[in-house]
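Please find below a note on the two-chain model under review.

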Amino acid sequence: MSSYHGKVDSLGLSFFGSMTASISHEIKNSLAIINENAGLLGDLVALSEKGRPLDPERMKTIADSIRRRVQSADDIVRRLNRFAHSANQPVVSSGIRDILACTIVLSERLATMKGVSLTLADGDEIEVQTLPFVIENLLWICLKNIFLLAGTGQQVMLDARREASDIVITLRCTPEIPVKQLESSVAAEGQPLIFFLRVQVQADPDGSSLHLRMPIRFIE
Amino acid sequence: MAVSVLLIDDDEEFLAILAERLTIRGLEVTTAASGRAALDLFGTAWFKVVVLDLQMPDMDGLEVLERLVALNPAQQIIVLTGHATVTRGVRAMKLGAADLLEKPVDIRELVEKINTAAAGAPTVPAGNRAGRSPYPPQEETPRPGLLRTLRGLFAGGE
């Protein structure tokens with residue numbers, strides 16, 4: 001393995017670690033609520049044995065909450081499964097908006113912790129031939145650096161459009177952040193991925209945006 | 001007199017259920033759904049024990065911990081989190097956490113830790129802000145529960 005591929009793999013491993021740690025925390029939060037609800041049911045039954053009547057509506061509310069949290073935990077595990085599979089995928093045909101949506105879902109908890117909201121712009125799907133995991137990794141590096149520059153209330157809208165044989169992903173930041181500084185940090189931290197995917201990273205200070213331009217078909 | 005507890009967690013559903021379960025067990029529970037709300041409450045009321053989540057959107061739990069300890073160096077604070085990495089656990093200990101528990105938690109263990117922490121808390125009448133400060137300097141005391149938890153974290157990794 002060349003040192004260059006090693007750097008791509010090393011960044012990928014770090015990204016995979018960050019995402020799985022974040023996802024496992026989300027699962028733990030769901031388990032904590034399920035645990036408390038189950039415990040509360042036990043408490044209420046114990047109280048009923050001492051003469052306090054059981055309220056059927058209350059029981060129903062607790063059961064609903066458990067069901068909701070199990071569903072939420074199941075969604076999280078599905079997301080983890082999909083993400084885990086993306087790491088060992090070869091070059092595939094995939095919708096770019098699907099990749100952006102997946103990145104948003106993966107990063108949402110960490111974004112919320114920083115007070116940042118992430119949205120996907122409306123638009124038609126564009127098929128690309130690429131390595132989704134590597135694009136998600138590069139997007140994560142962009143988002144992570146936005147979190148460092150942003151304050152609470154920051155909004156980031158992700159969008160993609162086709163330009164000839166290229167795809168251009170845009171991260172638009174509202175309110176404005178120093179996108180030139182963002183461009184430098186992303187170029188430095190994501191350099192092996194940028195080289196691997198043949199991406200041009202370009203700040204647009206007027207639009208408070210960062211553009212990632214890459215070929216619509218991954219070139220080995 | 002019931003032990004007064006301030007629960008701080010950004011998950012309001014978790015907060016409400018845990019508060020109810022602790023109240024059933026005879027504790028006097030107040031809740032705060034954010035670090036800022038907790039600091040506001042801290043300015044008007046006195047709590048024997050604080051139970052604090054580490055990961056909250058508006059203010060990091062470690063920052064809340066640091067601020068609470070700055071306001072009251074004798075405050076008994078138990079960290080209850082699903083995000084107890086070794087680094088953050090050690091940092092919480094250094095900042096003055098009395099103990100550290102991971103979610104999901106066994107309620108009996110949590111109540112036991114709260115009562116242990118309450119036994120080590122100074123007695124100040126509720127609402128008596130004048131009596132809060134200055135607290136006498138606290139001696140460093142061993143915290144076997146916390147050390148046990150940290151050993152568990154090291155065994156389980158990050």
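The points below treat the basis of the model, each chain, and the contact between the chains.

1. This is a predicted model, in which local features need pLDDT of at least 70, side-chain atom pairs count only at pLDDT 80 or more, and totals for chains, interfaces and linings use all residues. Residues are numbered from 1 along each chain as its sequence is written, and chains are lettered from A, with ligands numbered from 1, in the order in which they are written.

2. Chain A contains 6 helices and 7 strands; helices (H or I, at least four residues) and strands (E, at least two) are DSSP runs, numbered from the N terminus. From the N terminus, the order of elements in chain A is α-α-β-α-β-β-α-β-β-α-α-β-β.

3. The C-alpha trace of chain A spans about 75 × 40 × 35 Å along its principal axes. Chain A has a radius of gyration of 21 Å, whereas a compact globule of 220 residues would have one near 17 Å. The radius is taken over C-alpha atoms, and the globule rule is 2.2 Å times the number of residues to the power 0.38.

4. Of the 220 residues in chain A, 32% are buried, that is, 20 or more other C-beta atoms, placed from the backbone, lie within 10 Å of the residue's own. Among contacts in chain A with a separation of 6 or more, 76% join residues 24 or more positions apart; a contact requires C-beta atoms, placed from the backbone, within 7 Å.

5. Chain B has 6 helices and 5 strands, in the sequence pattern β-α-β-α-β-α-β-α-β-α-α. Buried residues amount to 39% of the 158 residues of chain B. For contacts in chain B with a separation of 6 or more, the share from residues 24 or more positions apart is 65%.

6. The contact between the chains involves 16 residues from chain A and 15 residues from chain B. Helix H1 (residues 12-24) of chain B supplies 7 residues, the largest share of the side of chain B that touches chain A.

7. Which helices pack at an angle of about 35 degrees? They are helix H1 (residues 3-49) of chain A and H1(B), whose axes lie 10 Å apart. Axes are lines fitted to C-alpha atoms, for helices over the stretch in contact, and angles run from 0 to 180 degrees between N-to-C directions.

8. Residues of H1(A) that meet H1(B) include Ile33(A), Leu40(A) and Asp43(A). Their partners in H1(B) include Phe14(B), Ile17(B) and Arg21(B).

Technical notes: Contact = placed C-beta atoms within 7 Å. Buried ≥ 20, exposed ≤ 12 C-beta atoms within 10 Å, placed from the backbone.
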